Amino acid sequence: MDISLNKEELAFEKEVEDFLAEHLPRGHEMWTKRAEWFAALKEKGWDVINWPKEFGGPDWSPTQHYIWDKVSCKEVLPPVMPFGQVMLAPVLMKYGNKEQHERFLPDIRDNKSMWCQGYSEPGAGSDLASLKCKADLTEDGKHYIINGTKIWTTMGHVANWIFCLTRTSSDGPKQEGITFLLFDMKSPGVEVKPIFTLGGSHHVNQVFFTDVKVPVENRIGEEGKGWTYAKGLLQHERKGIAGISRCVYALDKLKEKAQRVPVGDSTLIQDQGFKKKIAVAEIELLALEFTELRSLADMVNSGSPGSQSSILKLKGTEMQQTIQELTLEAGGIYATPWGNKKFGPKFSKGGMEGYLNGRPATIYGGCSEVQKDVIAKRVLGL
Ligand SMILES: Cc1cc2nc3c(=O)[nH]c(=O)nc-3n(C[C@H](O)[C@H](O)[C@H](O)COP(=O)(O)OP(=O)(O)OC[C@H]3O[C@@H](n4cnc5c(N)ncnc54)[C@H](O)[C@@H]3O)c2cc1C
């Protein structure tokens with residue numbers, strides 16, 4: 001995409017490049033020098049780039065966010081789980097009270113607390129409002145007692161806190177009577193069981209709650225109004241999953257790889273069939289980048305990505321999968337084996353793992369069909 005940057009924006013681009021060159025730990029140092037990296041980000045005021053200014057964000061323009069994504073996606077940054085900083089924090093800021101801000105936001109900002117998301121249940125995924133996990137208020141009104149289960153809880157086995165949708169009433173429409181609670185994963189009565197996925201990894205879990213006691217001051221907003229808060233959080237989640245800048249970079253890398261794959265007397269990049277697939281992907285990605293910029297502008301103005309985040313999630317995850325499929329195609333038979341194999345071109349390594357681990361992207365955060373429903377109703381007004 002050709003977005004002409006003005007002088008100030010070019011200077012900002014250089015500032016980002018210089019900052020990464022100076023502070024980003026590379027290789028194994030990504031783990032050993034994590035703390036130094038986060039400290040450097042914080043000192044620069046770039047640690048919580050999506051937070052509003054009053055909570056410590058840098059107040060970037062949409063173009064500055066675009067530049068940051070564009071430059072940083074070419075590097076491997078020490079990972080930050082999105083559940084605290086990206087998903088829960090905006091909900092806390094909007095609907096939490098002052099005590100909750102002071103209690104939870106500093107640890108989220110400094111990556112001291114690790115959160116997981118307790119939304120889905122067996123029988124309540126796409127139809128999330130059907131959730132049954134119960135929260136009963138004690139007679140003295142001081143605690144909720146939680147009983148039920150959550151499933152697909154990403155990183156639930158390492159998280160120390162959970163934000164959880166619970167049912168406090170079954171009267172009226174199912175969207176009412178849902179309450180948004182925060183609680184400690186070490187509370188008595190919390191049990192986490194692993195689920196191993198097709199890609200061979202352990203990221204997700206089923207979590208069981210038996211008489212878990214949660215102080216009432218851990219409730220966000222009003223009892224029974226959790227559905228409103230939950231929907232706002234999903235918009236931030238969906239925007240985050242889209243990963244558009246990373247797709248642009250991955251597609252560029254794929255083109256480089258395809259120049260090294262022999263096909264007859266030529267290379268894969270010259271193959272008409274492959275060339276056409278790359279061209280289609282590039283065109284779709286270009287359109288998606290413009291949509292992302294529009295959404296960024298809306299987000300900077302309104303503080304929320306809005307229902308447009310469903311467009312980004314739908315198309316962004318489809319693009320991720322397209323690129324993973326093409327990477328697999330470029331690696332050919334060498335992309336199929338698992339693990340640290342010693343044969344075939346280096347780039348083919350991990351092709352199959354990447355492909356299989358990428359399959360759920362069109363399911364988590366709400367499956368593609370659900371995104372289409374949201375786009376039809378909330379974006380197109382059908
Ligand atoms: C790897 C992974 C990580 C996850 N992490 C978390 C997490 O951390 N926390 C959490 O709470 N949840 C998490 N989830 C759960 C995820 O949000 C749900 O899987 C998702 O919302 C779909 O729900 P479901 O699995 O119950 O499928 P279902 O709701 O049973 O849907 C199955 C299929 O039915 C079809 N379908 C459903 N609804 C419609 C519709 N309205 N129109 C047309 N077709 C439809 C779709 O093809 C859909 O894929 C994760 C899931 C995965 C796979």
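Which residues surround the ligand, and which are the closest?

Mentor: Keep in mind that this model is predicted. The ligand is surrounded by 19 residues. Closest to the ligand are Tyr119, Gly125, Ser126, Trp152 and Glu369. Two elements give two or more residues each to this shell: strand 1 (115-118) and helix 12 (368-379). Sorted by class, the shell holds nine nonpolar, eight polar and two charged residues.

Now place the shell in the chain. The domain assignment lists domain 1 (7-79), domain 2 (113-229) and domain 3 (243-379). Domain 2 and domain 3 each give at least three residues to the shell around the ligand.

Next, turn to domain 1 and domain 3. Their centres, taken over C-alpha atoms, are 24 Å apart. Contacts link the two domains: nine residues of domain 1 meet eight residues of domain 3. The side of domain 1 that touches domain 3 has four nonpolar, two polar and three charged residues.

Leucine 296 gives a local view. This residue sits in helix 9 (residues 272-302). Leucine 296 counts as buried because 21 C-beta neighbours lie inside 10 Å, and the cut-off for buried is 20 or more. Setting aside residues up to four places away in sequence, leucine 296 touches Pro62, His65 and Tyr66. Look also at threonine 63. Leucine 296 and threonine 63 are 233 residues apart along the chain, yet 8.4 Å separates their C-alpha atoms.

Leave aside its neighbours within four places in sequence, and isoleucine 178 is in contact with Leu131, Leu165, Arg167, Gly224, Gly226, Trp227 and Ala230. Now pair isoleucine 178 with proline 58. These two are 120 residues apart in sequence, and their C-alpha atoms are 34 Å apart in space.

Helix 7 comes next. Helix 7 covers residues 226-242, 17 residues in total. From first C-alpha to last, helix 7 reaches 25 Å, close to the 24 Å expected at 1.5 Å a residue. This helix is mostly covered, with 13 of its 17 residues buried. Glycine 243 follows helix 7, and the phi of glycine 243 is positive, near 55 degrees.

Finally, step back to the whole protein. It has twelve helices and nine strands. Its C-alpha trace spans about 80 × 50 × 45 Å along the principal axes. The radius of gyration is 22 Å. A compact globule with 382 residues would have a value near 21 Å, so the two agree. Of the 382 residues, 34% are buried. Residues 24 or more positions apart account for 69% of them.

Note on methods: Residues are numbered from 1 along each chain as its sequence is written. This is a predicted model: local features need pLDDT of at least 70, side-chain atom pairs count only at pLDDT 80 or more; totals for chains, interfaces and linings use all residues. A residue is near a molecule or strand if its C-beta atom, placed from the backbone, lies within 6 Å of it. Helices (H or I, at least four residues) and strands (E, at least two) are DSSP runs, numbered from the N terminus. Ala, Val, Leu, Ile, Met, Phe, Trp, Tyr, Cys and Pro count as nonpolar, Asp, Glu, Lys and Arg as charged, and the others, Gly among them, as polar. Domain bounds come from an automatic or database domain assignment. Two residues are in contact if their C-beta atoms, placed from the backbone, lie within 7 Å. The radius of gyration is taken over C-alpha atoms; the globule rule is 2.2 Å times the number of residues to the power 0.38. A residue is buried if 20 or more other C-beta atoms lie within 10 Å of its own, exposed if 12 or fewer, and partly exposed in between; C-beta atoms are placed from the backbone. The expected span of a helix is 1.5 Å times one less than its number of residues.
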